[in-house]
Amino acid sequence: VIRAPQLPRVHLFVCANVRADDNPLGPGCGEAGERVFKLLKEESLRRGMVHQVWVTKAFCMGICPKRGATVARHAEDGRGIFRDVDESDAITLLEDA
Ligand code: FES
């Protein structure tokens, strides 16, 4: 095992898990997660933050939202999991990066 020296200031894990419509756990983050992932990737690139901010697509984190997507944010100033994230508020997760 070799520990890589690179670490981002902020690492965002965006759930884009898809379940069948009739799944008792709900449909998952699915398309909302795909939209949030795309937006965060584009915005971090637009801001020239690709080395400070890593955005990674993920599967279910066990905190499934009723709407939007779930995003885990690991940053130098702390960690948190955010539910119900949509395109209108996803950008706030880039703040302080
Ligand atoms: S399906 Fe996204 S957190 Fe569970």
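## A parallel strand pair and its surroundings

Strands E1 (residues 10-15) and E2 (residues 53-58) run parallel and are joined by six bridges; two strands count as paired if DSSP finds at least two bridges between them. Helices (H or I, at least four residues) and strands (E, at least two) are DSSP runs, numbered from the N terminus. This is a predicted model, in which local features need pLDDT of at least 70 and side-chain atom pairs count only at pLDDT 80 or more, while totals for chains, interfaces and linings use all residues. Residues are numbered from 1 along each chain as its sequence is written, and side-chain values use heavy atoms, with hydrogens and water left out.

Within the pair, Leu 12 faces Val 55 of E2. Val 55 also touches residues beyond four places away in sequence, including Phe 37 and Leu 40 (contact means heavy atoms within 4.5 Å).

Now look at Arg 67, in the loop between E2 and E3. What is Arg 67 in contact with, leaving aside its neighbours within four places in sequence? The partners are Asp 84 and Asp 86. The table lists polar contacts (N or O atoms within 3.5 Å; within protein, one able to donate a hydrogen and the other to accept it, and residues adjacent in sequence count only if both atoms are side-chain atoms).

| Arg 67 part | Partner | Distance |
|---|---|---|
| Side chain | Asp 86, side chain | 2.3 Å |

Arg 67 and Asp 84 are 17 residues apart in sequence, yet 5.3 Å apart in space, C-alpha to C-alpha.
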